[in-house]
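I opened this notebook page to look at how the parts of one protein chain meet. My entries below follow the order in which I looked things up.

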Amino acid sequence: MALVHPRIHILGTGGIGSLFAYHFHKHGIPWTALLRRPPNTKEGHPSLSYMDCTALDKRSAEPKHIERIAWEPTFPLIDQEVFSNDLVYQKKMQQPIHQLLVATKAYQTVDALSRIKHRLRPWSTIVLMQNGMGIKDEVCRAMGWHSARDRPNFVQGIISHGARRTDSTVVHTGQGTVWISACIDTIAQSSSDILRPKRNHIFDERHQTPNNPYPTLRPLSSSLRSVQYPSDWNPAFVSPFVTPSVPSYLPLSDDKEIARLRTKSLHETLANFCRLSTDLSLRLVVPADLLARQLQKLVVNSCLNPIGTLLQVPNGELQTPKASAVVKALLAEAHGIIIQSEEYQLLPPEQQATLTLDKLTDTTFQIIRDTQSNYNSTLQDYRNGSPQSELDYMNGTLIKMAQQSGASAELNTKVRDQVGTMFSSPR
Ligand SMILES: CC(C)(CO)[C@@H](O)C(=O)[O-]
């Protein structure tokens with residue numbers, strides 16, 4: 001029997017969301033784009049083209065087309081009028097989402113997720129693939145997911161590929177890497193367990209070597225494979241007047257059953273992403289490894305993005321003596337903040353050793369050299385007219401960490417506020 005891959009829903013179909021969409025399509029993984037409004041196509045079916053501008057081989061720059069992609073609107077403004085009496089549409093809009101990739105801007109996440117909250121279950125798996133930190137906690141607070149039992153699984157990703165979407169074409173502009181890991185629920189376990197992956201059913205670290213330091217996904221046990229997701233669609237609920245916030249499934253009362261469903265969904269989601277390992281240099285890492293990489297990226301983004309944005313220059317210009325002195329001062333402050341943070345304290349010594357000031361400085365200036373002709377993403381957002389910057393999830397996260405530990409965040413506050421003023425002024 002052919003293997004059926006569970007469907008992935010994608011929220012945020014800009015460059016990164018569409019890059020994943022193309023690769024899911026290539027690997028036969030069904031996916032649905034959740035769009036703000038019905039796509040504007042003559043045929044009534046959207047299409048997506050993929051253009052690889054990262055390869056030297058000119059032939060690969062030929063666009064590859066995907067026709068008739070599945071889509072669902074999430075913002076039923078226009079749709080309310082068009083579809084409010086359509087029972088099939090109503091039914092579709094209530095169906096549970098088992099796997100969700102979130103690739104919106106960090107500051108759009110809560111609003112976008114709140115529109116599909118009624119379709120998420122405690123065993124759904126949400127993959128956050130965005131810049132910055134602190135998004136998961138903000139989402140859980142805003143959705144009222146206070147206990148490990150109500151909230152879905154979370155997977156955190158870090159991506160360094162460059163991609164942009166123009167109309168229906170996604171252009172892969174820079175080869176990079178994707179790192180993903182499960183977020184182990186901090187409520188369910190004591191803090192010393194959080195980053196100890198050997199205790200869970202997901203990672204297999206037996207075959208790691210110095211040349212291949214990555215764990216593999218444990219095979220899904222046959223007992224979990226046979227677990228069925230509750231079929232929660234009750235046709236009696238099909239009504240044009242269904243209120244999305246009313247759950248249309250009978251909540252499960254058995255904690256063990258919920259835990260089994262969660263493990264199955266988490267595993268299936270990671271397995272779907274791992275199918276893109278070769279195409280997108282995607283690496284599954286243990287949670288401690290991912291957290292260390294997130295902290296490193298947080299520091300790089302918090303020091304490079306605001307200065308490049310305030311000066312409105314490409315990354316390479318940050319090597320001038322004046323600009324690099326400011327970047328270095330920010331780096332010193334950011335380092336002082338992270339080493340006093342709760343997150344850093346959770347890391348094992350080998351991961352803490354990757355976050356010294358010298359290493360962070362070397363990495364930041366290496367990235368500046370590697371991306372010298374690029375404009376950083378915050379400056380691109382500014383030039384594209386975004387109403388808000390993602391710095392609240394970069395420098396803003398460092399400032400929150402500093403408030404908790406009592407470290408100084410004077411410079412980070414200053415640049416965050418200056419960039420905030422820039423974004424709120426007319427362009
Ligand atoms: C690495 C980076 C700073 C390069 O521009 C990128 O993460 C960005 O633009 O945000």
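**Domains and their contact**

I began with the domain assignment of the protein, which gives domain 1 as residues 8-285 and domain 2 as residues 288-424. For the contact, I noted 18 residues from domain 1 and 23 residues from domain 2. I keep in mind throughout that this is a predicted model.

**Area**

**Polar contacts and salt bridges**

Between domain 1 and domain 2 I find ten residue pairs in polar contact, counted where both residues are at pLDDT 80 or more. The rule for salt bridges finds two across the interface of domain 1 and domain 2. I also looked up the side chains of Glu390 and Lys105, which meet in a salt bridge at 4.0 Å, N to O.

I then asked which elements each supply at least two residues of the side of domain 1 that touches domain 2. They are helix 5 (135-143), strand 8 (153-159) and strand 11 (178-183). Sorted by type, the residues on that side of domain 1 are eleven nonpolar, five polar and two charged.

**Asn301**

My last entry concerns Asn301, which is placed in helix 9 (residues 287-311). Is Asn301 buried or exposed? I record Asn301 as buried because its relative accessibility is 10%, and the cut-off for buried is under 20%. Leaving aside neighbours within four places in sequence, Asn301 is in contact with Asn131, Pro306 and Met394.

How values were computed:
Residues numbered from 1 in each chain as written. Predicted model: local features only at pLDDT ≥ 70, side-chain atom pairs only at ≥ 80, totals over all residues. Heavy atoms only, no water. Domains from an automatic or database assignment. Contact = heavy atoms within 4.5 Å. Polar contact = N/O pair within 3.5 Å; in protein donor to acceptor, adjacent residues only side chain to side chain. Helix = DSSP H or I, 4+ residues; strand = E, 2+ residues; numbered from the N terminus. Nonpolar A, V, L, I, M, F, W, Y, C, P; charged D, E, K, R; others polar. Buried < 20%, exposed > 50% of the residue type's maximum accessible area, 1.4 Å probe, protein only.
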